[in-house]
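In these entries I record what I looked up in one structure, topic by topic. I give the cut-offs of each term where I first use that term.

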Amino acid sequence: MSLPFLLSASLALALPAPPPASPGGAAGANDFTAPRDAPGVMEATVSPRPDGRYAVALDFREEAPVWIFLRSNGPVTGEPSWRAGTWEVRTPGVTLTRIGLHEALVANDGGPVPGRVEIAVAPYTRNLNADYQPAIRIGENALALFSDHFLLRPAASVAAVEALGADWTVLPDYDAGHPLARFEGEGFVVDGMPVEEVAVTEAAYVLHGDIASAGSGALVTYLDPRLPAWLGTELERDIPAIIRLYEAQWGPHDDGTLELMVEWGGPTAGSVSLGGSVIGSQMVMRLEGQALLDQRGGAGAEMRMLIAHEAAHFWLGNLVAYGRPGEAWTSEGGADLAALRAIEAVDPAGAARREGRMTRSAWRQCATYLERGGLASAPERGEQKAFYSCGFLLSRVAERVAERRGGTFFTFWAKLIERHREAGEVGSEDWFEALAQEGAAPATLAAMRTIVERGGGGAAITDLYASAQMPPPDPVAAVA
């Protein structure tokens with residue numbers, strides 16, 4: 001997951017939505033998000049309508065006055081809800097509302113929400129803040145729909161939801177199974193073949209419409225026919241190569257054949273947006289901007305960085321999730337640094353220049369975020385982008401610690417993956433423990449904990465780098 005999405009007048013990376021460890025508030029490995037054999041606590045059935053919308057029937061198997069969505073993050077444009085303008089609740093007496101950090105369905109009379117709620121949904125194809133894009137439009141007549149945006153869980157009261165931070169897993173669990181998203185009707189596609197029913201037990205994008213697959217072997221592609229040809233060629237060439245590089249460092253990612261789904265947002269003048277995310281065995285991207293019509297002006301280098309960042313999430317985020325919402329810095333900063341080292345293998349000089357720019361930019365951005373608090377509370381502040389800048393700086397320190405014992409950033413993460421592969425999660429404490437085993441000084445670990453738990457602005461980063469005997473980057477050194 002990485003976090004979406006920058007839109008600027010110059011080429012910039014719009015880094016992705018966080019991986020399955022759930023930007024919307026779910027922790028990584030927990031009893032609720034793991035599939036269970038019992039009938040699901042709720043089931044969403046999504047069917048196409050003649051008007052281009054989708055009919056969604058939500059069947060609830062527990063009585064509760066509030067049902068909260070697993071994912072509630074708003075659009076990058078700043079509005080609190082993307083559902084408010086695209087979801088029409090058709091069941092009388094039920095309201096779609098926002099309670100604190102969470103979107104929810106509530107019964108107007110204060111009683112339990114009816115056992116079935118029907119909604120008409122228009123596909124929302126824009127970027128969300130730190131979450132997966134609800135729908136990816138792959139050409140005029142095809143969409144990829146994200147399953148988890150249709151799933152909810154019960155809560156005991158409005159007050160209980162108001163008291164929640166970003167992490168809803170602190171609510172009491174229940175005996176029923178994981179919620180299920182079911183897609184029914186004509187036009188759904190699985191493994192390149194038309195089907196009339198798809199049951200999704202783990203978060204995934206589901207294809208619907210007139211779309212043909214290409215590629216073979218390790219990568220199957222579903223590309224928007226309007227995509228500039230060079231972008232398709234670059235993606236189909238570079239993704240397998242970068243996957244092989246990571247496999248050599250970290251072993252297999254356990255996802256088998258990968259699916260790539262790409263939307264072309266058009267040749268918008270004056271700006272470029274490169275956005276992507278990874279979920280399970282799928283990588284999805286939304287690319288936009290006039291400057292992407294050809295490879296000149298650095299577009300090719302930006303694409304390689306985006307590909308390398310996203311590909312790293314098949315390990316850092318999928319193979320091992322990041323834990324609580326405020327721990328995403330381990331995966332996001334890790335994916336940024338892993339991508340930089342992957343690019344370094346083919347373009348050392350370009351990677352060196354990029355590292356200097358990334359470090360200076362990360363320092364300035366991270367210092368600003370840390371003025372308002374630590375990384376652990378960034379989701380409650382809506383500042384998930386801190387996970388990139390601050391996570392990159394923390395990852396650089398971890399790399400320097402590993403190098404002093406003859407290792408690399410890849411070997412540091414290889415040990416973490418091997419140690420936590422079965423549990424499927426690497427949280428902040430796991431990361432700190434691994435760094436201590438690499439020989440990190442107590443002062444370095446203490447400075448990292450300050451950044452994660454409390455913040456402290458630029459002074460906290462300066463203290464961290466000083467403890468690791470690393471100079472701050474110029475010109476930051478003069479103003480930190």
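**Entry 1: a serine in a helix.** I began with S389, which lies in helix α7. Helices here (H or I, at least four residues) and strands (E, at least two) are DSSP runs, numbered from the N terminus. I noted that the model is predicted, that local features need pLDDT of at least 70 and side-chain atom pairs count only at pLDDT 80 or more, while totals for chains, interfaces and linings use all residues. Residues are numbered from 1 along each chain as its sequence is written, and side-chain values use heavy atoms, with hydrogens and water left out.

Is S389 buried or exposed? I found a relative accessible area of 4%, so S389 is buried (under 20% relative accessible area; exposed is over 50%, partly exposed in between, with a 1.4 Å probe and protein chains only). I then listed its contacts (heavy atoms within 4.5 Å). With neighbours within four places in sequence set aside, S389 touches A362, Q365, C366 and Y369.

**Entry 2: the disulfide.** I next searched for disulfides, meaning pairs of cysteine sulfur atoms within 2.5 Å. The search gave one disulfide. C366 and C390 form this bond, with an S to S distance of 2.0 Å. It links distant parts of the chain, since C366 belongs to helix α5 (residues 348-370) and C390 to helix α7 (residues 386-403), 24 residues apart. I recorded a torsion of about 110° about the S-S bond of C366 and C390, and the disulfide is therefore right-handed. C366 and C390 are both buried.

**Entry 3: an open sheet.** I turned to strand pairing, which requires that DSSP finds at least two bridges between two strands. In which order do the four strands of the open sheet stand? I read the order as β6-β7-β4-β11, with antiparallel pairing. Strands β6 (94-99) and β11 (152-155) are at the edges with a single partner strand each, so one side of each has no neighbour in the sheet. From one strand to the next, the twist averages 30° (axes are lines fitted to C-alpha atoms, for helices over the stretch in contact, and angles run from 0 to 180 degrees between N-to-C directions). Strands β4 (residues 66-69) and β7 (residues 102-107) run antiparallel and are joined by three bridges. W67 has L105 in β7 as its bridge partner.

**Entry 4: a parallel pair.** Lastly, I examined strand β16 (residues 219-223), where four of the five residues are buried, so the strand is largely enclosed by the rest of the structure. Five bridges pair β16 with strand β17 (residues 258-264) in the parallel sense. The bridge partner of L223 in β17 is V262.
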